[in-house]
Amino acid sequence: MSQVNNLEDVAQAKKTNVRWHIVIILFVITAVSVGDRSTLAIAGKDMSAALGINPGQMGWVFSAFAWAYCLAQIPGGWLLDRFGSKKVYLCGLCMWSVFTLLQGCVEIFHGFGAIICFTILLFLVGLFEAPVMPGNSRFVAAWFPSKERATAAAIFNSAQYFATAIFAPIMGWLTLNYGWQSIFIFMGTLGVIITFVAARIVHNPLNHPHVNSEEIEYIRNGGALVDMDQRKVRTGPAFNFAAFKQLITNRMLLGVYLGQYCINVLTFFFITWFPLYLAMEKGLDIKTVGFIAAIPAICGFVGGLLGGLISDRILRISQSLSVARKTPIVLGMLLSMVMVFCNYVDSIYLVVFFMSLAFLGKGIGALGWAVMSDTAPKEMAGVAGGFFNLCGNVAGIISPVVIGYIVKATGHFEWALVFVAVHALVAIFSFVVIVGPIKRIELKKAQ
(Lines give C-alpha, C1' and ligand atoms only; values in the text may rest on other atoms or scores of the structure.)
Protein backbone atom coordinates (compact mmCIF):
# COMPACT_ATOMS: atom_id res chain seq x y z
CA MET A 1 0.00 0.00 0.00
CA SER A 2 2.80 2.43 0.86
CA GLN A 3 4.41 1.74 -2.53
CA VAL A 4 1.16 2.64 -4.29
CA ASN A 5 0.90 5.85 -2.27
CA ASN A 6 4.49 6.73 -3.14
CA LEU A 7 3.78 6.23 -6.84
CA GLU A 8 0.72 8.49 -6.56
CA ASP A 9 2.78 11.14 -4.78
CA VAL A 10 5.41 11.04 -7.55
CA ALA A 11 2.70 11.38 -10.20
CA GLN A 12 1.18 14.35 -8.37
CA ALA A 13 4.62 15.97 -8.07
CA LYS A 14 5.23 15.59 -11.82
CA LYS A 15 1.81 16.94 -12.80
CA THR A 16 1.80 20.43 -14.30
CA ASN A 17 -0.83 23.00 -13.28
CA VAL A 18 -1.41 24.70 -16.62
CA ARG A 19 -5.18 24.67 -16.04
CA TRP A 20 -4.79 27.36 -13.36
CA HIS A 21 -2.85 29.55 -15.81
CA ILE A 22 -5.77 29.19 -18.21
CA VAL A 23 -8.36 30.23 -15.64
CA ILE A 24 -6.27 33.28 -14.66
CA ILE A 25 -6.24 34.60 -18.22
CA LEU A 26 -9.98 33.85 -18.46
CA PHE A 27 -10.37 35.93 -15.31
CA VAL A 28 -8.45 38.84 -16.85
CA ILE A 29 -10.39 38.74 -20.13
CA THR A 30 -13.73 38.52 -18.30
CA ALA A 31 -12.74 41.49 -16.12
CA VAL A 32 -12.00 43.53 -19.24
CA SER A 33 -15.32 42.51 -20.82
CA VAL A 34 -17.25 43.59 -17.72
CA GLY A 35 -15.18 46.77 -17.46
CA ASP A 36 -16.08 47.62 -21.06
CA ARG A 37 -19.80 47.14 -20.48
CA SER A 38 -19.73 49.19 -17.25
CA THR A 39 -17.97 52.21 -18.78
CA LEU A 40 -21.33 53.85 -19.37
CA ALA A 41 -22.26 53.55 -15.70
CA ILE A 42 -19.26 55.73 -14.77
CA ALA A 43 -19.38 58.05 -17.79
CA GLY A 44 -23.19 58.20 -17.76
CA LYS A 45 -23.69 61.33 -15.65
CA ASP A 46 -21.23 63.54 -17.58
CA MET A 47 -22.07 61.96 -20.92
CA SER A 48 -25.84 62.38 -20.47
CA ALA A 49 -25.29 66.05 -19.63
CA ALA A 50 -23.06 66.53 -22.67
CA LEU A 51 -25.37 64.71 -25.10
CA GLY A 52 -28.71 65.58 -23.48
CA ILE A 53 -29.89 62.11 -22.41
CA ASN A 54 -32.65 61.73 -19.77
CA PRO A 55 -32.92 58.72 -17.38
CA GLY A 56 -35.52 56.95 -19.52
CA GLN A 57 -33.33 57.29 -22.62
CA MET A 58 -30.29 56.20 -20.61
CA GLY A 59 -32.08 52.97 -19.74
CA TRP A 60 -32.53 52.22 -23.44
CA VAL A 61 -28.89 53.08 -24.19
CA PHE A 62 -27.82 50.71 -21.38
CA SER A 63 -29.96 47.98 -22.92
CA ALA A 64 -28.39 48.28 -26.41
CA PHE A 65 -25.48 46.16 -25.24
CA ALA A 66 -27.78 43.53 -23.79
CA TRP A 67 -29.93 43.31 -26.95
CA ALA A 68 -26.89 42.44 -29.06
CA TYR A 69 -25.36 40.27 -26.36
CA CYS A 70 -28.55 38.20 -26.10
CA LEU A 71 -29.18 37.96 -29.85
CA ALA A 72 -25.64 36.68 -30.44
CA GLN A 73 -25.56 34.08 -27.65
CA ILE A 74 -26.76 31.04 -29.61
CA PRO A 75 -24.84 31.96 -32.81
CA GLY A 76 -21.78 32.64 -30.66
CA GLY A 77 -22.15 29.30 -28.88
CA TRP A 78 -22.52 27.51 -32.23
CA LEU A 79 -19.35 29.21 -33.52
CA LEU A 80 -17.49 27.99 -30.42
CA ASP A 81 -18.70 24.44 -31.01
CA ARG A 82 -18.00 24.59 -34.74
CA PHE A 83 -14.59 26.31 -34.85
CA GLY A 84 -13.24 25.72 -31.36
CA SER A 85 -12.95 27.95 -28.31
CA LYS A 86 -9.66 29.76 -28.93
CA LYS A 87 -10.28 31.25 -32.40
CA VAL A 88 -13.76 32.55 -31.69
CA TYR A 89 -12.90 33.73 -28.16
CA LEU A 90 -9.87 35.83 -29.11
CA CYS A 91 -11.48 37.23 -32.26
CA GLY A 92 -14.36 38.48 -30.13
CA LEU A 93 -11.97 40.06 -27.60
CA CYS A 94 -10.12 42.00 -30.30
CA MET A 95 -13.25 43.27 -32.07
CA TRP A 96 -15.20 44.39 -29.00
CA SER A 97 -12.10 46.24 -27.75
CA VAL A 98 -11.87 48.17 -31.02
CA PHE A 99 -15.54 49.17 -30.83
CA THR A 100 -15.13 50.21 -27.18
CA LEU A 101 -12.26 52.47 -28.16
CA LEU A 102 -14.36 54.07 -30.91
CA GLN A 103 -17.09 55.00 -28.39
CA GLY A 104 -14.72 57.64 -27.08
CA CYS A 105 -14.86 59.41 -30.46
CA VAL A 106 -18.65 59.85 -30.89
CA GLU A 107 -18.56 63.60 -30.17
CA ILE A 108 -17.31 64.17 -33.71
CA PHE A 109 -21.04 63.83 -34.39
CA HIS A 110 -23.48 66.21 -32.71
CA GLY A 111 -26.66 65.88 -30.66
CA PHE A 112 -28.90 62.99 -31.57
CA GLY A 113 -26.40 61.72 -34.14
CA ALA A 114 -23.83 61.19 -31.38
CA ILE A 115 -26.38 59.24 -29.32
CA ILE A 116 -27.25 56.99 -32.27
CA CYS A 117 -23.57 56.40 -33.09
CA PHE A 118 -22.78 55.54 -29.46
CA THR A 119 -25.75 53.16 -29.26
CA ILE A 120 -24.66 51.35 -32.44
CA LEU A 121 -21.10 50.96 -31.15
CA LEU A 122 -22.39 49.67 -27.81
CA PHE A 123 -24.57 47.20 -29.73
CA LEU A 124 -21.47 45.96 -31.60
CA VAL A 125 -19.57 45.58 -28.32
CA GLY A 126 -22.40 43.35 -27.07
CA LEU A 127 -22.36 41.36 -30.32
CA PHE A 128 -18.68 40.46 -30.06
CA GLU A 129 -18.70 39.91 -26.28
CA ALA A 130 -21.34 37.19 -26.68
CA PRO A 131 -18.89 34.22 -26.86
CA VAL A 132 -17.01 35.20 -23.68
CA MET A 133 -18.99 33.43 -20.97
CA PRO A 134 -19.94 30.35 -23.06
CA GLY A 135 -16.26 30.20 -24.04
CA ASN A 136 -15.22 30.38 -20.39
CA SER A 137 -17.63 27.55 -19.60
CA ARG A 138 -16.18 25.42 -22.42
CA PHE A 139 -12.61 26.04 -21.27
CA VAL A 140 -13.49 25.11 -17.67
CA ALA A 141 -15.33 21.97 -18.78
CA ALA A 142 -12.30 20.99 -20.90
CA TRP A 143 -9.57 21.84 -18.38
CA PHE A 144 -11.00 21.06 -14.92
CA PRO A 145 -12.14 17.91 -13.12
CA SER A 146 -15.54 18.05 -11.42
CA LYS A 147 -14.06 18.53 -7.94
CA GLU A 148 -12.29 21.76 -9.02
CA ARG A 149 -14.88 23.06 -11.45
CA ALA A 150 -16.89 25.32 -9.12
CA THR A 151 -13.70 27.00 -7.92
CA ALA A 152 -12.52 27.54 -11.50
CA ALA A 153 -15.91 28.88 -12.62
CA ALA A 154 -16.09 31.09 -9.53
CA ILE A 155 -12.68 32.56 -10.38
CA PHE A 156 -13.65 33.70 -13.86
CA ASN A 157 -17.15 34.71 -12.74
CA SER A 158 -15.76 36.78 -9.86
CA ALA A 159 -14.00 38.92 -12.46
CA GLN A 160 -17.21 40.94 -12.76
CA TYR A 161 -16.70 42.22 -9.21
CA PHE A 162 -12.96 42.61 -9.60
CA ALA A 163 -13.60 44.69 -12.73
CA THR A 164 -15.74 47.13 -10.77
CA ALA A 165 -13.28 47.25 -7.86
CA ILE A 166 -10.31 47.97 -10.14
CA PHE A 167 -11.76 49.82 -13.09
CA ALA A 168 -14.40 52.00 -11.35
CA PRO A 169 -11.80 54.11 -9.46
CA ILE A 170 -9.60 54.32 -12.57
CA MET A 171 -12.53 55.34 -14.77
CA GLY A 172 -13.76 57.83 -12.18
CA TRP A 173 -10.31 59.43 -12.07
CA LEU A 174 -10.02 59.49 -15.87
CA THR A 175 -13.46 61.08 -16.22
CA LEU A 176 -12.65 63.75 -13.68
CA ASN A 177 -9.29 64.64 -15.19
CA TYR A 178 -9.61 63.87 -18.90
CA GLY A 179 -13.33 63.73 -19.65
CA TRP A 180 -15.78 60.88 -20.10
CA GLN A 181 -14.37 59.99 -23.54
CA SER A 182 -11.02 58.93 -22.05
CA ILE A 183 -12.37 55.83 -20.29
CA PHE A 184 -13.56 54.28 -23.56
CA ILE A 185 -10.20 54.89 -25.21
CA PHE A 186 -8.36 53.44 -22.20
CA MET A 187 -10.48 50.29 -21.95
CA GLY A 188 -10.44 49.65 -25.70
CA THR A 189 -6.67 49.97 -25.92
CA LEU A 190 -6.24 47.66 -22.91
CA GLY A 191 -8.38 45.00 -24.57
CA VAL A 192 -6.38 45.04 -27.80
CA ILE A 193 -3.13 44.59 -25.84
CA ILE A 194 -4.56 41.68 -23.84
CA THR A 195 -5.65 39.98 -27.08
CA PHE A 196 -2.02 39.52 -28.10
CA VAL A 197 -1.02 38.30 -24.62
CA ALA A 198 -3.90 35.81 -24.45
CA ALA A 199 -3.06 34.38 -27.87
CA ARG A 200 0.18 33.03 -26.40
CA ILE A 201 -1.41 31.55 -23.27
CA VAL A 202 -4.86 30.19 -24.19
CA HIS A 203 -4.92 26.73 -25.78
CA ASN A 204 -7.08 23.64 -25.50
CA PRO A 205 -5.75 20.83 -23.26
CA LEU A 206 -4.52 18.46 -25.95
CA ASN A 207 -2.84 21.28 -27.90
CA HIS A 208 -1.15 23.21 -25.09
CA PRO A 209 2.67 23.31 -25.44
CA HIS A 210 3.33 23.28 -21.68
CA VAL A 211 0.85 20.72 -20.30
CA ASN A 212 2.20 17.23 -19.53
CA SER A 213 0.54 13.83 -19.78
CA GLU A 214 0.12 13.57 -15.98
CA GLU A 215 -2.06 16.67 -15.87
CA ILE A 216 -4.06 15.51 -18.89
CA GLU A 217 -4.74 12.16 -17.22
CA TYR A 218 -5.60 13.84 -13.91
CA ILE A 219 -8.20 16.15 -15.42
CA ARG A 220 -9.51 13.48 -17.84
CA ASN A 221 -10.04 10.97 -15.02
CA GLY A 222 -11.76 13.67 -12.97
CA GLY A 223 -14.38 14.28 -15.67
CA ALA A 224 -12.78 17.03 -17.77
CA LEU A 225 -13.88 16.96 -21.43
CA VAL A 226 -10.32 17.27 -22.75
CA ASP A 227 -11.24 16.32 -26.32
CA MET A 228 -14.29 18.57 -26.73
CA ASP A 229 -12.48 20.82 -29.24
CA GLN A 230 -11.09 17.98 -31.31
CA ARG A 231 -12.64 18.04 -34.77
CA LYS A 232 -14.20 14.59 -34.43
CA VAL A 233 -16.51 15.69 -31.57
CA ARG A 234 -17.51 19.07 -32.99
CA THR A 235 -20.93 19.49 -34.51
CA GLY A 236 -21.24 19.66 -38.27
CA PRO A 237 -21.93 22.84 -40.22
CA ALA A 238 -25.71 22.52 -39.85
CA PHE A 239 -27.38 23.58 -36.60
CA ASN A 240 -28.78 20.56 -34.75
CA PHE A 241 -32.37 21.60 -34.01
CA ALA A 242 -33.37 18.24 -32.55
CA ALA A 243 -30.58 18.40 -29.98
CA PHE A 244 -31.33 22.08 -29.29
CA LYS A 245 -34.95 21.18 -28.54
CA GLN A 246 -33.69 18.82 -25.84
CA LEU A 247 -31.75 21.70 -24.26
CA ILE A 248 -34.77 24.00 -24.05
CA THR A 249 -37.30 21.41 -22.83
CA ASN A 250 -35.27 19.81 -20.05
CA ARG A 251 -36.80 20.71 -16.66
CA MET A 252 -33.46 20.92 -14.87
CA LEU A 253 -32.06 23.32 -17.46
CA LEU A 254 -35.26 25.40 -17.51
CA GLY A 255 -34.86 25.96 -13.78
CA VAL A 256 -31.20 26.87 -14.24
CA TYR A 257 -32.12 29.34 -17.00
CA LEU A 258 -34.74 31.07 -14.84
CA GLY A 259 -32.39 31.17 -11.86
CA GLN A 260 -29.65 32.75 -13.93
CA TYR A 261 -32.05 35.38 -15.24
CA CYS A 262 -32.95 36.37 -11.69
CA ILE A 263 -29.33 36.40 -10.50
CA ASN A 264 -28.40 38.60 -13.46
CA VAL A 265 -31.00 41.18 -12.47
CA LEU A 266 -28.77 41.78 -9.43
CA THR A 267 -25.68 41.78 -11.64
CA PHE A 268 -27.02 44.37 -14.05
CA PHE A 269 -28.21 46.62 -11.25
CA PHE A 270 -24.70 46.71 -9.82
CA ILE A 271 -22.89 47.26 -13.13
CA THR A 272 -25.35 49.78 -14.58
CA TRP A 273 -27.51 51.70 -12.10
CA PHE A 274 -25.59 51.32 -8.84
CA PRO A 275 -23.02 54.09 -9.57
CA LEU A 276 -25.87 56.32 -10.73
CA TYR A 277 -27.80 55.41 -7.58
CA LEU A 278 -24.91 56.78 -5.53
CA ALA A 279 -24.66 59.90 -7.69
CA MET A 280 -28.37 60.67 -8.15
CA GLU A 281 -29.90 59.37 -4.91
CA LYS A 282 -27.04 60.12 -2.52
CA GLY A 283 -25.57 63.19 -4.26
CA LEU A 284 -21.98 61.94 -4.49
CA ASP A 285 -19.52 63.35 -7.03
CA ILE A 286 -18.23 61.07 -9.78
CA LYS A 287 -14.77 60.59 -8.24
CA THR A 288 -16.28 59.53 -4.91
CA VAL A 289 -18.73 57.25 -6.72
CA GLY A 290 -15.83 55.47 -8.42
CA PHE A 291 -14.11 54.69 -5.13
CA ILE A 292 -17.24 53.87 -3.12
CA ALA A 293 -18.57 51.57 -5.85
CA ALA A 294 -15.37 49.58 -5.47
CA ILE A 295 -16.17 48.57 -1.86
CA PRO A 296 -19.25 46.40 -2.58
CA ALA A 297 -17.45 45.13 -5.68
CA ILE A 298 -14.55 43.87 -3.55
CA CYS A 299 -17.08 42.11 -1.32
CA GLY A 300 -18.66 40.57 -4.42
CA PHE A 301 -15.24 39.39 -5.57
CA VAL A 302 -14.56 37.76 -2.20
CA GLY A 303 -18.05 36.24 -2.21
CA GLY A 304 -17.54 34.87 -5.71
CA LEU A 305 -14.38 33.05 -4.69
CA LEU A 306 -15.96 31.83 -1.45
CA GLY A 307 -18.97 30.46 -3.31
CA GLY A 308 -16.77 28.28 -5.51
CA LEU A 309 -14.57 27.10 -2.65
CA ILE A 310 -17.57 26.35 -0.44
CA SER A 311 -19.31 24.45 -3.23
CA ASP A 312 -16.29 22.26 -4.04
CA ARG A 313 -15.73 21.65 -0.33
CA ILE A 314 -19.36 20.53 0.12
CA LEU A 315 -18.98 18.28 -2.93
CA ARG A 316 -15.95 16.54 -1.43
CA ILE A 317 -17.81 15.99 1.85
CA SER A 318 -21.30 15.13 0.61
CA GLN A 319 -20.49 13.63 -2.81
CA SER A 320 -23.74 15.29 -3.93
CA LEU A 321 -23.45 17.71 -6.84
CA SER A 322 -26.94 19.06 -6.18
CA VAL A 323 -26.29 19.87 -2.52
CA ALA A 324 -22.87 21.33 -3.32
CA ARG A 325 -24.13 23.73 -5.98
CA LYS A 326 -27.53 24.69 -4.51
CA THR A 327 -26.47 25.46 -0.93
CA PRO A 328 -24.28 28.51 -1.72
CA ILE A 329 -26.85 29.77 -4.22
CA VAL A 330 -29.68 29.74 -1.65
CA LEU A 331 -27.61 31.28 1.16
CA GLY A 332 -26.09 33.88 -1.16
CA MET A 333 -29.44 35.02 -2.57
CA LEU A 334 -30.91 35.34 0.93
CA LEU A 335 -28.00 37.57 1.94
CA SER A 336 -28.29 39.70 -1.20
CA MET A 337 -31.83 40.73 -0.23
CA VAL A 338 -30.50 42.95 2.58
CA MET A 339 -30.11 45.70 -0.05
CA VAL A 340 -33.70 46.76 0.70
CA PHE A 341 -32.49 48.01 4.10
CA CYS A 342 -30.88 50.90 2.20
CA ASN A 343 -34.38 52.32 1.84
CA TYR A 344 -34.55 52.87 5.61
CA VAL A 345 -31.19 54.51 6.31
CA ASP A 346 -29.69 57.89 5.40
CA SER A 347 -26.07 57.31 6.35
CA ILE A 348 -23.85 56.66 3.33
CA TYR A 349 -21.80 54.34 5.55
CA LEU A 350 -24.83 52.14 6.24
CA VAL A 351 -25.78 52.21 2.56
CA VAL A 352 -22.31 50.98 1.63
CA PHE A 353 -22.48 48.36 4.41
CA PHE A 354 -25.79 46.89 3.24
CA MET A 355 -24.83 47.04 -0.42
CA SER A 356 -21.55 45.33 0.42
CA LEU A 357 -23.41 42.51 2.20
CA ALA A 358 -25.78 42.22 -0.75
CA PHE A 359 -22.89 42.08 -3.21
CA LEU A 360 -21.11 39.50 -1.01
CA GLY A 361 -24.24 37.33 -1.09
CA LYS A 362 -24.68 37.78 -4.82
CA GLY A 363 -21.08 36.65 -5.31
CA ILE A 364 -21.54 33.55 -3.15
CA GLY A 365 -24.69 32.59 -5.03
CA ALA A 366 -23.39 33.22 -8.55
CA LEU A 367 -22.63 29.57 -9.37
CA GLY A 368 -24.70 29.34 -12.53
CA TRP A 369 -21.66 28.85 -14.75
CA ALA A 370 -20.37 26.05 -12.55
CA VAL A 371 -23.76 24.37 -12.91
CA MET A 372 -23.62 24.86 -16.67
CA SER A 373 -20.13 23.30 -16.86
CA ASP A 374 -21.53 20.37 -14.86
CA THR A 375 -24.61 19.86 -17.04
CA ALA A 376 -23.95 20.90 -20.66
CA PRO A 377 -23.56 18.04 -23.18
CA LYS A 378 -20.07 18.08 -24.68
CA GLU A 379 -21.42 17.96 -28.26
CA MET A 380 -23.25 21.28 -27.74
CA ALA A 381 -21.48 22.85 -24.78
CA GLY A 382 -21.15 26.18 -26.59
CA VAL A 383 -24.79 26.31 -27.69
CA ALA A 384 -25.98 25.21 -24.23
CA GLY A 385 -23.83 27.88 -22.59
CA GLY A 386 -24.98 30.43 -25.15
CA PHE A 387 -28.66 29.77 -24.50
CA PHE A 388 -28.03 29.81 -20.75
CA ASN A 389 -26.30 33.18 -21.10
CA LEU A 390 -29.07 34.41 -23.39
CA CYS A 391 -31.67 33.67 -20.72
CA GLY A 392 -29.53 35.26 -18.03
CA ASN A 393 -28.85 38.39 -20.03
CA VAL A 394 -32.43 39.06 -20.98
CA ALA A 395 -32.16 40.67 -17.54
CA GLY A 396 -29.78 43.15 -19.12
CA ILE A 397 -32.51 44.21 -21.54
CA ILE A 398 -35.40 44.32 -19.10
CA SER A 399 -33.99 45.40 -15.73
CA PRO A 400 -32.10 48.60 -16.76
CA VAL A 401 -35.17 49.85 -18.62
CA VAL A 402 -37.58 48.95 -15.80
CA ILE A 403 -35.31 50.55 -13.20
CA GLY A 404 -34.93 53.63 -15.40
CA TYR A 405 -38.69 54.10 -15.63
CA ILE A 406 -39.16 53.38 -11.91
CA VAL A 407 -36.67 56.14 -11.12
CA LYS A 408 -38.23 58.46 -13.69
CA ALA A 409 -41.73 57.86 -12.31
CA THR A 410 -40.90 58.08 -8.59
CA GLY A 411 -37.81 60.28 -8.59
CA HIS A 412 -36.12 57.82 -6.22
CA PHE A 413 -34.66 54.29 -6.09
CA GLU A 414 -36.71 52.71 -3.26
CA TRP A 415 -38.95 50.58 -5.48
CA ALA A 416 -36.04 49.82 -7.78
CA LEU A 417 -34.24 48.11 -4.88
CA VAL A 418 -37.38 46.11 -4.05
CA PHE A 419 -37.66 45.09 -7.71
CA VAL A 420 -34.08 43.77 -7.63
CA ALA A 421 -34.42 41.98 -4.26
CA VAL A 422 -37.59 40.10 -5.31
CA HIS A 423 -35.59 38.49 -8.11
CA ALA A 424 -33.21 36.99 -5.55
CA LEU A 425 -36.21 35.27 -3.93
CA VAL A 426 -37.37 33.89 -7.29
CA ALA A 427 -33.85 32.56 -7.95
CA ILE A 428 -34.03 30.56 -4.72
CA PHE A 429 -37.40 29.10 -5.73
CA SER A 430 -36.06 28.15 -9.14
CA PHE A 431 -32.99 26.27 -7.95
CA VAL A 432 -34.74 24.60 -4.99
CA VAL A 433 -38.09 23.66 -6.55
CA ILE A 434 -37.66 23.51 -10.34
CA VAL A 435 -34.10 22.33 -10.99
CA GLY A 436 -34.12 18.97 -9.18
CA PRO A 437 -30.97 16.77 -9.29
CA ILE A 438 -28.00 18.34 -11.09
CA LYS A 439 -26.31 16.05 -13.63
CA ARG A 440 -24.80 16.19 -17.12
CA ILE A 441 -27.30 16.02 -19.98
CA GLU A 442 -26.91 13.09 -22.37
CA LEU A 443 -28.37 14.00 -25.74
CA LYS A 444 -30.66 11.41 -27.29
CA LYS A 445 -29.61 10.35 -30.74
CA ALA A 446 -32.09 10.82 -33.57
CA GLN A 447 -33.77 7.55 -34.56
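Helix 14 gives the most to the lining of the largest cavity, with 6 residues. Helices here are DSSP runs of H or I with at least four residues, numbered from the N terminus. The model is predicted: local features need pLDDT of at least 70 and side-chain atom pairs pLDDT 80 or more, while totals for chains, interfaces and linings use all residues. Residues are numbered from 1 along each chain as its sequence is written, and side-chain values use heavy atoms, without hydrogens or water.

The structure holds 6 cavities of 30 Å³ or more. A cavity is a set of points, on a 1 Å grid over the protein atoms alone, where a 1.4 Å probe fits but cannot get out; lining residues have an atom within 4 Å of a point. The volume is the space filled by probe spheres set on the points, which are joined across faces, edges and corners.

The largest cavity has a volume of about 220 Å³. Among the 22 residues that line the largest cavity, M133, N157, Q160, N264 and T267 are the closest to its centre. Two or more lining residues come from each of helix 2 (18-37), helix 9 (146-157), helix 14 (251-281), helix 18 (368-375) and helix 19. By class, this lining has 10 nonpolar, 10 polar and 2 charged residues. Ala, Val, Leu, Ile, Met, Phe, Trp, Tyr, Cys and Pro count as nonpolar, Asp, Glu, Lys and Arg as charged, and the others, Gly among them, as polar.

The second largest cavity has a volume of about 70 Å³. Its lining includes S38, T164, F270 and P275. Helix 3 (39-51), helix 10 (159-178) and helix 14 each give two or more residues to that lining, which divides into 8 nonpolar, 2 polar and no charged residues.

Helix 19 covers residues 381-410 and reaches 43 Å from its first C-alpha to its last, close to the expected 44 Å, where the expected span is 1.5 Å times one less than the number of residues. Of its 30 residues, 23 are buried, so helix 19 is largely enclosed by the rest of the structure. Buried means under 20% relative accessible area, with a 1.4 Å probe and protein chains only. Helix 19 bends by about 30° at C391, the bend being the angle between axes fitted to the seven residues ending there and the seven starting there. Just after helix 19, G411 takes a positive phi of about 80°.

C391 is buried, with a relative accessible area of 18%. Its sulfur lies 8.7 Å from the closest cysteine sulfur, in C70, too far for a bond. A search of the whole structure finds 0 disulfides, a disulfide being a pair of cysteine sulfur atoms within 2.5 Å.

Notes
Buried < 20%, exposed > 50% of the residue type's maximum accessible area, 1.4 Å probe, protein only. 1 Å grid on protein atoms, 1.4 Å probe; cavity = no way out; pocket = protein on both sides within 12 Å on 5 of 7 lines; lining within 4 Å.
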